[in-house]
Amino acid sequence: MEPRVGPEPAADPEFQPYHHPAAGWGAAKSVTRFMAREGALVDGPRAIMKMNHENTGFDCPGCAWPDDTKGLHLDICENGIKHVTWEMTRKRVDREFFAAHSVTELSGWSDFDLENQGRLTEPMAYDPDTDHYVPVSWKDAFELVGRTLRSLDSPHQASFYTSGRLGNEATFLYQLMARELGTNNLPDCSNMCHEASGRALQAALGTGKGTVDLKDWETTDALFIMGVNVASNAPRMLTALSEAHDRGAAIVHINPLVEAGATRAIIPHDFTDMATFHSTRTSTLNLQPRIGGDMALLRGMAKAILEQSDADPKALDREFIERHTTGFDEYRARCEATAWDEIESQSGVGRADILKAARVYREADRSIISWCLGLTQHEHGVDTVREIVNLLLLRGNLGREGAGPSPVRGHSNVQGNRTCGIDHRPTEEFLDRLASTCGIEPPREHGLDTIGTIKAMHRGDVRVFVGMGGNFALAAPDTPYTYEALSRCDLTVQVSTKLNRSHVVHGRRALILPCLGRTEKDDQRNGVQSTSVEDSMSMVHLSVGMKRPASSHLLSEPAIVAGMARAALPESATPWEWYIEDYDRIRDTMARALDGFEDFNRRVRLPLGFRIKQPARELVFLTPSGRAEFSTAELPDVLPDPGMLALGTMRSHDQWNTTIYSDNDRYRGIKNLRTLVFMNQDDMRERGIAKFDPVDITSIAKDGSRRRLDGYLAIPYDIPRGCAAGYMPEMNVLCALADYSTQSDQPIMKHVRVAITPSEGRSVPVEKE
């Protein structure tokens with residue numbers, strides 16, 4: 001039986017469709033209540049005035065949306081404030097807490113209750129004889145890590161995971177440690193989120209990142225927002241959408257659910273609008289493809305543009321295509337061979353609506369296409385992102401202001417992690433430069449990603465797991481299998497700020513190493529240090545904490561990495577301790593080792609920092625052909641089998657990744673409920689299911705295995721026929737480890753094949769068959 005994720009509901013579940021603007025007074029009230037609940041009515045407002053301030057404040061540890069370019073002093077959002085307040089809590093998890101509660105007891109607590117205990121205060125080691133975590137000195141903790149790593153038969157028996165919260169300096173040291181040890185086993189949260197984006201953009205354009213910046217958003221004629229719930233996943237984007245609408249730009253949202261952020265918004269820092277309750281539209285067109293149908297919709301838009309080009313030569317940018325691309329004729333033939341009936345069937349969107357979107361694209365001089373996990377967590381995620389690039393290339397929407405591809409990264413520095421070396425498939429060029437700069441011989445063979453690491457732990461090939469931030473046990477797919485895999489390790493090490501599921505699902509030996517939060521001062525020998533982060537549009541800037549640390553025993557993430565590295569590599573010539581005295585020294589080394597980080601220390605201190613160069617933005621394509629490359633993939637068959645539905649997992653609004661703040665989802669009209677499934681009303685009627693009826697959800701994996709959740713409540717929702725949706729991480733159990741994309745190796749968490757039936761009356765939340 002699995003513990004609950006969120007808090008116990010305060011009352012009976014409620015569902016009332018939400019019809020109000022996003023953000024505005026709803027956000028303000030929610031933030032005020034949250035700060036009061038956490039006892040942060042003083043620290044919270046102080047943090048608001050320091051968050052996302054260029055080079056003098058701390059970077060929001062939430063999403064990776066870029067900082068405002070116009071000097072806005074309240075560049076904040078509801079989710080960011082909650083994230084920071086949750087970190088600044090006055091609650092503490094100290095040695096007395098662990099003495100009072102065994103790990104067996106804690107494993108039965110909800111995930112909300114685990115995190116709600118507060119900040120970790122000192123390093124702890126698991127004692128199997130007492131089943132308790134007990135205090136351990138930093139010296140002894142590092143020695144345990146070092147001794148265990150040195151005892152491995154091969155460095156490949158260790159795997160080093162990171163989430164997006166890790167700053168660039170710690171990231172660089174972390175990957176350096178792993179590679180000096182001799183392994184590229186560097187899984188990260190990108191393996192579960194945007195891996196498809198990176199691989200697609202690399203293949204098509206020679207860069208794994210988007211090419212646009214925030215100024216492009218401010219000047220574009222048309223925005224296409226795909227597979228993202230703006231108001232919850234990147235709330236500060238609402239400002240860009242509102243401003244775009246005010247200047248007359250077209251805004252097309254493409255998502256199976258019409259989310260609140262795709263309708264109207266009141267921007268909280270616009271005091272006039274707040275005072276007058278004046279909302280701004282954030283869309284001019286909403287299209288609802290079936291789950292997995294985005295590629296077919298994009299193909300339909302491209303087909304329409306190509307058909308128009310026969311009569312209207314300006315429909316295509318022929319000069320751009322001829323000078324800068326390859327594969328156009330083959331792509332045109334593929335579009336011509338794709339019938340409209342197939343496009344409509346696979347997308348779930350009628351031809352007339354696809355033509356509306358194509359008309360918006362055709363009439364715009366400059367267009368940006370932006371997307372998130374709704375497009376990537378599919379078997380065909382790479383092909384879908386490449387179809388985005390195909391569409392952009394047709395009209396030369398690349399290499400000029402206001403145009404290009406713009407992936408929306410989820411976590412604050414997940415893109416920076418990859419830039420600074422967290423990559424299980426590093427390039428030879430990167431390794432050569434690292435070797436010459438740092439004087440090491442890095443391994444050349446590819447390492448393990450997230451899926452590969454879980455499998456290797458399960459079969460005993462990976463014996464040590466180190467997690468820098470995040471909540472790996474809860475974020476990963478196939479929850480029982482992942483739990484068992486972690487438990488088979490000789491040692492699990494979790495570097496964290498708060499207690500979470502990954503501390504109670506552990507190896508035979510386990511360490512909890514508490515670190516500073518983004519809001520806290522990092523005081524080293526040469527003074528208070530800053531760290532850098534990279535946002536989703538390749539801007540790198542500094543972050544400086546403002547608060548006294550939650551405990552005098554906390555170490556910074558760079559210091560923890562250096563401590564582990566010195567213990568594991570006692571003969572290393574790398575100056576680990578010297579680096580920690582002054583992070584400028586780390587940045588000087590990074591400037592020599594990383595392409596695009598030249599003159600790092602000077603440029604990162606410029607107003608707003610600096611933007612990493614993007615060759616494709618300058619129409620320099622580092623592809624085999626030296627040009628932007630069209631792709632010609634066939635449309636995948638995304639129609640569910642008879643009686644089956646396609647289920648996508650997603651976050652609620654009062655949630656950030658695996659952290660649950662409450663059982664409410666304001667923008668979807670839900671109160672006091674997380675164990676639910678959103679369904680099309682016709683699909684419910686067909687199965688004899690009414691609102692709030694308990695249902696059983698059974699997933700069928702590629703390998704034929706089945707997983708099941710019982711007693712979830714059905715909610716009628718505006719979602720296409722054949723589709724359903726529910727919350728992660730509760731529904732991660734339904735995604736088998738075998739269900740990963742052969743294109744990106746990502747778990748297919750947005751396209752789980754399920755059968756939903758009236759409940760048989762059982763109340764066991766999770767049962768794996």
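View 1. The charged end of Arg603 sits over the ring of Phe610, 4.0 Å from its centre. Arg651 does likewise with Trp656, its charged end sitting over that ring at 4.1 Å from the centre. A charge counts as sitting over a ring if NZ of Lys or CZ of Arg is within 6 Å of the ring centre and within 35 degrees of the ring normal. Before moving on, note that this is a predicted model, where local features need pLDDT of at least 70, side-chain atom pairs count only at pLDDT 80 or more, and totals for chains, interfaces and linings use all residues. Residues are numbered from 1 along each chain as its sequence is written, and side-chain values use heavy atoms, with hydrogens and water left out.

**View 2. Phe15 and Tyr717 pair up across the chain.** A search of the whole structure turns up 24 aromatic pairs. Rings of Phe, Tyr and Trp (its six-membered ring) pair if their centres lie within 6.5 Å; planes under 30 degrees apart count as stacked, over 60 as edge-to-face and the rest as tilted. Here the ring centres of Phe15 and Tyr717 are 6.2 Å apart and the planes make 45°, so the pair is tilted. The two partners come from distant parts of the chain, 702 residues apart: Phe15 belongs to strand β1 (residues 14–15), while Tyr717 is in the loop between β31 (706–716) and β32 (723–727). Helices (H or I, at least four residues) and strands (E, at least two) are DSSP runs, numbered from the N terminus. Both Phe15 and Tyr717 are buried. Buried means under 20% relative accessible area, exposed over 50%, and partly exposed in between (1.4 Å probe, protein chains only).

View 3. In another cluster, ring pairs link Phe97, Phe98, Trp109, Tyr126 and Tyr133.

View 4. Is Arg587 buried or exposed? It counts as buried, at 1% relative accessibility. Arg587 is found in helix α29 (residues 583–593). Its side chain makes a polar contact with the side chain of Asn601, at 2.9 Å. A polar contact is a pair of N or O atoms within 3.5 Å; within protein, one must be able to donate a hydrogen and the other to accept it, and residues adjacent in sequence count only if both atoms are side-chain atoms. Not counting residues up to four places away in sequence, Arg587 touches Glu169, Ser530, Thr531, Leu542, Phe600, Asn601 and Arg605. Contact means heavy atoms within 4.5 Å.

View 5. Six strands line up in the order β6-β5-β18-β17-β16-β7, with mixed pairing. Two strands pair if DSSP finds at least two bridges between them. At the edges stand β6 (132–135) and β7 (158–162), each with a single partner strand, so one side of each has no neighbour in the sheet. On average, neighbouring strands of this sheet are turned by 20° against each other, direction ignored. Strand β5 (residues 124–127) runs antiparallel to β6, joined by four bridges, and Asp127 stands opposite His132 in β6. Helix α27 (residues 557–568) lies across β16 (464–468), β17 (491–496) and β18 (509–514), running at about 160° to β16. Axes are lines fitted to C-alpha atoms, for helices over the stretch in contact, and angles run from 0 to 180 degrees between N-to-C directions.

**View 6. Helix α12, tucked inside.** Seven of the ten residues of α12 (residues 237–246) are buried, so the helix is largely enclosed by the rest of the structure. Among them are Met237, Leu238 and Ala244. Just after α12, Gly248 takes a positive phi of about 95°.

View 7. The peptide bond from Met728 to Pro729 is cis, with omega near 5°; Pro729 lies in the loop between β32 and β33 (752–758). Leu608 is a residue other than glycine with a positive phi, near 70°. Leu608 lies in the loop between α30 (600–603) and β23 (610–611) and counts as partly exposed at 23% relative accessibility.
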